[in-house]
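Trainee: Could we go through this model together? I'd like to start with the charged side chains and then move on to the strands and a helix.

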Amino acid sequence: MVEINTEELKNKYWTTFWTENIDDLIEISKKIGSIIPSRKNSIALYDTLTVKTKEETDQRSLSAKYGENDFPYHTDGAYLKTPPKYVILRSPKEIENCPTKLCIPHFSEFEIKKLMKDVLLVNGGRGRFYSTILEKIDKDFRLRFDLDCMRPALIEFDTSIKLINKLIQETVIQEIDWKENQCVIFNNWKLVHSRADATNKFERVLERIWIK
């Protein structure tokens, strides 16, 4: 059985490994935590992510808004009151010129206070609730960011959105150039991710698992 570098995941917030089939990936995921179905009323343990045009997909998905274009940086499951802590992606085949991008913003003490103060309304089809971009979890914090389901509760709170976008722009981006059977697991509470432009990349397929 494949072993994940848990020390690297803890300190770096992401790590890569290799496995040849989805069944092994599911078993690895169960050792980390509970798998969360991403679809409402679904019992599926994983999703298959493909490139779609705006016309081919669900109204609330990123593909519905951006199609084959670049996806914006976001955290997965931001519309859930408790988003998945870990996300695992696997590429069954090599993917050329369409990387997944990982970004770990670094926050000053002032920025942490600001991002924990400004309130945003979250509405992604699973009920409406209020949240902040950074949420206190015990002695740490959780990052929640997806402008397709989050908006400022008050006009003046858009300064926190401008701030997080600025921090993302200033951060060195790690690009995952997918090889056959490559997997990446990342801490969804600590980093944001995106997909590069996927024009004419309809063969691009990733398998995804959310872990509680």
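Trainee: Which residues are linked in a network of salt bridges?

Mentor: The network joins Arg39, Asp47, Asp76 and Arg208, where a salt bridge is a side-chain nitrogen of Lys or Arg within 4 Å of a carboxyl oxygen of Asp or Glu. By this rule the count comes to 14 salt bridges. Keep in mind that this is a predicted model, in which local features need pLDDT of at least 70 and side-chain atom pairs count only at pLDDT 80 or more, while totals for chains, interfaces and linings use all residues. Residues are numbered from 1 along each chain as its sequence is written, and side-chain values use heavy atoms, with hydrogens and water left out.

Trainee: How far apart are N and O in the pair Arg208 and Asp47?

Mentor: The distance from N to O is 3.0 Å in that salt bridge. The pair links distant parts of the chain, with Arg208 in strand β14 (residues 205-211) and Asp47 in strand β3 (residues 47-50), 161 residues apart. Helices (H or I, at least four residues) and strands (E, at least two) are DSSP runs, numbered from the N terminus.

Trainee: And are those two side chains buried or exposed?

Mentor: Arg208 counts as buried at 12% relative accessibility, and Asp47 counts as buried at 11%. Buried means under 20% relative accessible area, exposed over 50%, and partly exposed in between, with a 1.4 Å probe and protein chains only.

Trainee: What does Glu207 meet in a salt bridge?

Mentor: Glu207 meets Arg90, at 2.6 Å from N to O. This pair also links distant parts of the chain, Glu207 being in β14 and Arg90 in strand β4 (residues 86-91), 117 residues apart. Glu207 is buried, with a relative accessible area of 11%, and Arg90 counts as buried at 4%.

Trainee: Switching to strands, what is the order of the open sheet of three strands?

Mentor: The order is β11-β5-β13, with antiparallel pairing, and two strands count as paired if DSSP finds at least two bridges between them. Because β11 (174-176) and β13 (192-195) stand at the edges, each with a single partner strand, one side of each is left without a neighbour in the sheet. Strand β5 (residues 100-103) pairs with β13 over four bridges, and Thr100 stands opposite Arg195 in β13.

Trainee: What about the hairpin of β8 and β9, which residue there takes a positive phi?

Mentor: That is Asp138, with a phi near 55°, in a hairpin that has two residues between the strands. Strands β8 (residues 134-137) and β9 (residues 140-143) run antiparallel and are joined by four bridges, with Lys136 opposite Phe141 in β9.

Trainee: Last topic, helix α5: which of its residues are buried?

Mentor: Ser160, Ile161, Leu163, Ile164, Leu167 and Ile168 are buried in α5. Seen down the axis, the buried residues fall within an arc of 160°, so they line one face of the helix; the arc is that of the directions from the helix axis to the C-beta atoms. What covers them includes β5, α4 (109-115), β6 (120-123), β9, β10 (150-152) and β13, where contact means heavy atoms within 4.5 Å.

Trainee: And what is exposed on the other side of α5?

Mentor: Lys162, Gln169 and Glu170 are exposed there. Glu170 forms a salt bridge with Lys166, the closest N and O atoms being 2.7 Å apart. Both lie in α5 (residues 158-170), four residues apart, about one turn of the helix, and Lys166 counts as partly exposed at 42% relative accessibility.
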